[in-house]
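Please look over the sequence and the model shown here before reading the notes that accompany them.

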Amino acid sequence: MTVMDKPVSIDLDALYRESGIGAMLAEMDRELVGLTPVKTRIREVAALLLVEKARRSLGLKAEPPSLHMCFTGNPGTGKTTVALRMAGILHGLGYIRRDHVVSVTRDDLVGQYIGHTAPKTKEVLKRAMGGVLFIDEAYYLYRPENERDYGQEAIEILLQVMEDNRDDLVVILAGYKDRMDTFFKSNPGMASRIAHHVDFPDYEPDELLEIARLMVERMHYRFAPEAERAMGEYIGRRMAQPRFANARSIRNALDRARLRQANRLFEARERAVDADALLTIAEEDIRASRVFVQ
């Protein structure tokens, strides 16, 4: 012990176990298919925060780490899901008071007339305080082509709160990488406050098929063997079409397959139906998609 009766060492593994972040990272691995570079970066951030907590426990002085982040990638690549996991990690390590994420877009922050933006933005910040504020498609806050746009006012309020309340609020900006790059070039004050940039890659076809399997299981359904093969073919065709949104498009496809399955069973309602039929997505439920017709 030191003269001040402060510990001279700390058990990092015990700190890790007490925080519960090991279970959170394991859950992230189970729930999120692929995204290896994203998971690696989140683990690196978690390690940094754990070590910083250990430093504080030993009374070592250090500049508090900046926790504001930017998640870039195409739709459906897991940005919102990872933001929720990040909030759990931050809360487990004591960097935020609440395991709490407030997810918003431009419409939640920017008003339509003079005097409307400030109260809207401040109300959102009040709800998010103590946790994480997730701003999707954050680049829409800045519209220089419109002189009467009030997005800049929201940005200025955000900047002030991100600086003054950085020990009680973590802001995560999200959107397409190229648009976020342009946004940061136009708003250097915002760029300087973002410490961690995480890029979310698109999923590969085999990863999307694994995501489809997991989604079907969580919906309490299952694929017939022929249906799973058809789903793999569907994914290949759908990825080549416009407005493909990764896991989001897969979720939409499965919702439509369930609709077709329900209608198929309804049309044959004169016959008794067993649990196997109610649980199973058939090949025809997949191949009836317009993706195959086209």
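Predicted model: local features only at pLDDT ≥ 70, side-chain atom pairs only at ≥ 80, totals over all residues.

Residues are numbered from 1 along each chain as its sequence is written, and side-chain values use heavy atoms, with hydrogens and water left out.

**Overall chain**

- The chain has 15 helices and 7 strands, where helices (H or I, at least four residues) and strands (E, at least two) are DSSP runs numbered from the N terminus.
- Taken along the principal axes, the C-alpha atoms of the chain fill a box of roughly 80 × 60 × 30 Å.
- Of the 294 residues of the chain, 44% count as buried, a term that stands for under 20% relative accessible area, with exposed being over 50% and partly exposed in between (1.4 Å probe, protein chains only).
- Among contacts (heavy atoms within 4.5 Å) between residues at least 6 apart in sequence, 74% join residues at least 24 apart.

- E2 is joined to strand E3 (residues 132-136) by 4 bridges in the parallel sense, with Val102 having Leu133 as its bridge partner in E3 and Val104 standing opposite Ile135.
- E3 and E4 run parallel and are joined by 5 bridges, and Val132 stands opposite Val170 in E4.
- E1 and E4 pair in the parallel sense over 4 bridges, and Phe71 stands opposite Ala174 in E4.
- In E4, 6 of the 6 residues are buried, so this strand is largely enclosed by the rest of the structure; Val170, Ile172 and Ala174 point one way, Val171, Leu173 and Gly175 point the other way, and all are buried.

**Helices lying across the sheet**

**Nonpolar cores**

- A nonpolar core is a set of buried Ala, Val, Leu, Ile, Met, Phe, Trp, Tyr and Cys residues joined through side-chain atoms within 4.5 Å.
- The largest nonpolar core has 60 residues, of which Phe71, Leu90, Phe223, Met231, Leu254 and Ile286 touch the most other members.
- Not counting residues up to four places away in sequence, Leu90 touches Leu49, Leu67, Tyr95, Ile96, Val132 and Val170.
- A second, separate core of 31 residues includes Leu109, Ile155, Leu169 and Leu173.

**Pocket and cavity**

- On a 1 Å grid over the protein atoms alone, a cavity is a set of points where a 1.4 Å probe fits but cannot get out, and a pocket is an open set with protein on both sides within 12 Å along at least five of seven lines, while lining residues have an atom within 4 Å of a point.
- Grid points are joined across faces, edges and corners, and a volume is the space filled by probe spheres set on the points.
- The largest pocket holds about 540 Å³ of space, and of the 26 residues that line this pocket, the closest to its centre are Gly76, Thr77, Gly78, Thr81 and Ala247.
- Helix H4 (79-92), E3, helix H10 (205-218) and helix H12 (247-267) each supply at least two residues of the lining of the largest pocket, and the largest share, 4 residues, comes from H10.
- The structure holds 1 cavity of 30 Å³ or more, and the largest cavity has a volume of about 50 Å³.
- The largest cavity is lined by Met231, Tyr234, Ala253, Arg256, Ala257, Arg260, Asp285, Ile286 and Ser289, with H12 giving the most to this lining, 4 residues.

How values were computed. Pairing = 2+ DSSP bridges.
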